[in-house]
Amino acid sequence: MTIVLTLICVGTVLLFLEVIMPGAILGIFAAICFAAAVWVSWVQMGVVSALVTAFVCAFLGLAAVFAWAYVLPRTSIGKRLLPKPDDVESADSPLKAHVGEECLAQTDMMPIGKVVLEGAVYDAQSVSGGVKKGEKLRVVDADFYELKVRPLSAASSEREEISKAPRKDGGTLERQVFESAHEMERPLPRIDSEK
């Protein structure tokens, strides 16, 4: 019975360590300890004892995961051991320093590919669709693993799309500008001051 309790305690501690330092190895050893506890219980005391031990191991395993995943982050020890989610999200990517710089597409991007920036090759994603190899691009954003790029000609094509977009009155901005320019060319009405 002492061996069974020892194996259950060791398995629970290993499961606790797995929650703090994920990597699956400690979790596998915890499962092996729980399985060994069930096997020793079956050999020494029979089937009923093995079933009770299996239930206790499953309950302790689930309780340990819940306690350490829910309770531990709220304790002073857990706050020191576990990283805060805000710290992870607020960390800036070193690639953010390249935002605004020009680069060259090393491969065709549909929309993911490679770019050359200052002699180094980076993974990149085009935010405006496909890009041909050799096309000049501008870095518009970055995350931890890739640059977000847009063709240099995309700015002018976006302006064209906006100007040709339909308006609520049925016309387009392009047409409105054209009509305004025409109105300016019309001669102004004469005002006779001698009346």
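This is a predicted model: local features need pLDDT of at least 70, side-chain atom pairs count only at pLDDT 80 or more; totals for chains, interfaces and linings use all residues.
Me: Which helix is Trp42 in?
Reply: Trp42 is found in helix H2.

Me: What nonpolar surface patch is there, and which residues make it?
Reply: There is a nonpolar surface patch of about 580 Å². Trp42 belongs to it, together with Trp39, Val43, Val47 and Leu51.

Me: Which elements give two or more residues to that patch?
Reply: Helix H2, residues 25-45, and helix H3, residues 47-71, each do. The largest share comes from H2, with three residues.

Me: Staying with H3, what about Gly61, buried or exposed?
Reply: Gly61, which lies in helix H3, is buried, because its relative accessibility is 10% and the cut-off for buried is under 20%.

Me: Which residues does Gly61 touch, leaving out those up to four places away in sequence?
Reply: Gly61 touches Leu15 and Phe34 on that count.

Me: And how far is Gly61 from Thr12?
Reply: In sequence, Gly61 and Thr12 are 49 residues apart. In space their C-alpha atoms are 6.5 Å apart.

Me: Switching to the strands. What do the five of them close into?
Reply: The five strands close into a barrel, in the order E1-E2-E3-E5-E4. The pairing is mixed.

Me: How are neighbouring strands turned against each other there?
Reply: By 55° on average, with direction ignored.

Me: In which sense do E3 and E5 pair?
Reply: Strand E3, residues 120-126, pairs with strand E5, residues 147-151, in the parallel sense. Three bridges are involved.

Me: Which residue in E5 is the bridge partner of Gln125?
Reply: The partner of Gln125 in E5 is Lys148.

Me: Zooming out, what is the secondary structure of the protein chain?
Reply: The protein chain has seven helices and five strands. Along the sequence, the pattern is α-α-α-α-α-β-β-β-β-β-α-α.

Me: How many of the residues count as buried, as a percentage?
Reply: Of the 195 residues in the protein chain, 24% count as buried.

Me: Last one: what share of the contacts joins residues at least 24 apart?
Reply: The share is 42%, taken among contacts between residues at least 6 apart in sequence.

Conventions:
Residues are numbered from 1 along each chain as its sequence is written. Side-chain values use heavy atoms; hydrogens and water are left out. Helices (H or I, at least four residues) and strands (E, at least two) are DSSP runs, numbered from the N terminus. Buried means under 20% relative accessible area, exposed over 50%, partly exposed in between (1.4 Å probe, protein chains only). Contact means heavy atoms within 4.5 Å. Two strands pair if DSSP finds at least two bridges between them. Axes are lines fitted to C-alpha atoms, for helices over the stretch in contact, and angles run from 0 to 180 degrees between N-to-C directions. Patches are made of residues with over 30% relative accessible area and no salt bridge: like charges are joined within 9 Å, nonpolar side chains (Val, Leu, Ile, Met, Phe, Trp, Tyr) within 5 Å. Accessible areas come from the Shrake-Rupley method with a 1.4 Å probe; for residues, only the protein chains shown count as cover. A salt bridge is a side-chain nitrogen of Lys or Arg within 4 Å of a carboxyl oxygen of Asp or Glu.
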